[in-house]
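Student: I am new to this structure. Please take one close look at its pockets and cavities, and at what lines them.

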Amino acid sequence: MKEYISTRNKNINISASKAIIKGLADDGGLFVLPSLDHIQINIESLLHKSYQEIALAIMKPFLSDFTQEELTNCITNAYASTFDTNEITPITKLNENEYVLELSHGRTSAFKDVALSLLPYLMTSSLKINDSKDKTLILTATSGDTGKAALEGFKNVDDISIMVFYPLSGVSPIQEKQMISTDGNNVVVCGIHGNFDDAQSAVKVAFNSKELNDFASANGYQLSSANSINIGRLLPQIVYYFVSYVRLIERKEITLGEEINFSVPTGNFGDILAGYIAKCIGLPINTLLCASNSNNVLFEFLSTGIYDRNKELVKTISPSMDILISSNLERLLYYASNDTDYVASLMKSLQDTGKYEITNELLGKLQTTFYPSFATEKETKECIHHVYEKYNYVLDPHSAVGYKALVDYKRDTQDTRKCIVLNTASPFKFADDVLDALQIKKSDDSFTNLTILEEATGLAIPKNLKSLKDLDILHNNKINKDNILDFIREKMVK
Ligand SMILES: *Cc1c(COP(=O)(O)O)cnc(C)c1O
């Protein structure tokens with residue numbers, strides 16, 4: 001069942017399980033199903049089903065070389081005890097047409113947990129399906145949240161090791177402490193001097209290095225990825241779009257078939273791409289609001305058709321979205337154009353010149369589904385403040401960027417369809433900036449600020465963050481990005 005192709009070459013064919021093991025295609029492209037036309041989800045059949053049952057119904061058609069039993073086991077194990085609510089992704093209503101989908105109830109208080117609680121099981125099953133003898137080494141670059149969620153998912157998993165690379169200038173103190181305090185017998189955490197794009201491009205260099213791949217196989221390893229370029233990351237994210245829609249029907253907030261909008265705080269374009277796929281396979285989505293922070297390359301792209309990453313990355317209070325190269329956009333370009341040669345030429349241009357321009361026709365097509373918007377730092381803080389004053393609801397800075405997009409969208413379009421804003425992180429993860437936004441006096445110590453935020457808002461600090469302060473630091477690797485190959489080789493054989 002060689003169903004997946006590379007976005008850059010339709011003649012590269014591979015099964016779903018192999019795509020999960022490999023992460024990235026050999027030509028640098030991302031794995032996609034060539035067409036989504038044969039998958040149509042019957043929403044009525046999902047009503048009153050559990051999160052896990054809906055996950056099975058959505059993911060099974062994308063993973064046809066998994067048996068029903070294998071996939072059921074993966075899903076059951078992933079969501080058995082890792083979330084602090086049985087709903088997994090609860091919804092809060094703000095007003096008559098605005099809702100917040102809370103994706104931050106997992107082990108590390110960010111939406112990445114939804115997918116990264118499941119990926120290790122999908123990976124282990126994939127290795128079994130392929131009767132793989134090699135051990136797997138996961139290499140992951142993180143803008144802050146993926147790293148810890150991946151470490152928690154993969155630590156102590158048999159036959160898999162994980163190395164996480166994070167930008168030394170770019171993650172919050174809490175995010176850093178989460179990562180460098182991770183225990184487990186198979187984990188390496190390493191800071192890279194620079195920003196997220198430096199970390200991501202260093203890891204891409206590692207993946208594409210023939211020398212490193214040869215060295216790995218000589219030592220019994222194959223390389224893989226836990227970034228959202230992996231289909232095993234993407235598929236679990238499609239699920240909560242359906243779950244949230246179904247729950248709104250059950251709560252009589254919407255009727256079956258009613259079109260709604262989603263606002264998605266966007267960085268690497270993984271989460272919002274999952275929303276696009278949900279739309280393609282039958283979820284009645286009218287518009288996907290693509291919400292960026294000051295690193296607004298996606299805003300420019302969706303407004304002008306020109307993608308240009310030749311600018312300075314700015315550090316913002318929504319660091320998990322501080323990205324100039326949104327990897328998953330490549331999948332959207334494929335689905336919207338259906339032309340792997342065209343995608344390959346755009347990606348070559350991006351590689352050579354740092355930019356590309358799509359046709360007007362294609363841009364027009366994207367604009368029928370995507371509404372781009374961005375928030376400055378000031379606007380982000382104002383949004384946190386406004387939503388707290390008005391609804392007594394505390395948004396983290398990323399989710400606030402998403403809310404700001406909704407404000408812009410309503411002003412521009414007068415659209416009154418209901419909209420779900422994806423809440424991608426707990427405000428406690430970014431307590432320093434949230435306190436600033438709420439104009440509450442903070443301390444110099446990020447851990448003390450957790451308590452200040454708890455006392456001011458009456459919300460409880462998530463368990464994983466509460467214990468963080470007292471954990472020992474177990475990792476203190478720091479390297480320049482040019483040394484990544486040596487570093488990986490050295491740690492691999494240790
Ligand atoms: C990763 C992340 C995002 C961006 O998601 P993408 O899939 O990279 O677009 C937004 N908010 C938070 C809190 C994140 O961790």
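**A close look at the spaces**

Tutor: Start with helix α8. It gives 7 residues to the lining of the largest pocket, and that is the largest share. Keep in mind that this is a predicted model. The idea behind the search is simple. A probe the size of a water molecule is rolled over the atoms, and this shows where empty space is left.

Now take that pocket as a whole. Its volume is about 800 Å³. In total, 32 residues line the largest pocket. Look for Lys204, Arg309, Ile325, Leu350 and Gln351, which lie nearest its centre.

Move on to the second largest pocket. About 640 Å³ of space lies there. Its lining is made of 26 residues. Asp84, Ser104, His105, Ala460 and Pro462 lie nearest the centre of this second pocket. By class, 11 of its lining residues are nonpolar, 11 are polar and 4 are charged.

The largest cavity holds about 280 Å³ of space. Elements that give two or more residues to its lining are α6 (145-154), α10 (231-250) and α11 (270-280). Altogether, 25 residues line the largest cavity. Nearest its centre lie Phe111, Lys112, Ser143, Asn268 and Ser320. This lining counts 13 polar, 8 nonpolar and 4 charged residues.

What takes up the space of the largest cavity? The ligand does.

The side chain of Asp145 has an N or O atom 2.5 Å from an oxygen atom of the ligand. At Asn268 the backbone is involved: one of its polar backbone atoms is 2.8 Å from a ligand oxygen atom. At Thr424 a side-chain N or O atom is 2.8 Å from a nitrogen atom of the ligand. How much of the ligand's accessible area does the protein cover? On its own, the ligand has 390 Å² of accessible area, and the protein covers 98% of that.

To recap, the ligand takes up the space of the largest cavity, while α8 gives the largest share of the lining of the largest pocket.

Conventions
Residues are numbered from 1 along each chain as its sequence is written. This is a predicted model: local features need pLDDT of at least 70, side-chain atom pairs count only at pLDDT 80 or more; totals for chains, interfaces and linings use all residues. Side-chain values use heavy atoms; hydrogens and water are left out. On a 1 Å grid over the protein atoms alone, a cavity is a set of points where a 1.4 Å probe fits but cannot get out, and a pocket is an open set with protein on both sides within 12 Å along at least five of seven lines; lining residues have an atom within 4 Å of a point. Grid points are joined across faces, edges and corners, and a volume is the space filled by probe spheres set on the points. Helices (H or I, at least four residues) and strands (E, at least two) are DSSP runs, numbered from the N terminus. Ala, Val, Leu, Ile, Met, Phe, Trp, Tyr, Cys and Pro count as nonpolar, Asp, Glu, Lys and Arg as charged, and the others, Gly among them, as polar. A polar contact is a pair of N or O atoms within 3.5 Å; within protein, one must be able to donate a hydrogen and the other to accept it, and residues adjacent in sequence count only if both atoms are side-chain atoms. Accessible areas come from the Shrake-Rupley method with a 1.4 Å probe; for residues, only the protein chains shown count as cover. A molecule sits in a cavity or pocket if more than half of its atoms lie within 2 Å of its grid points.
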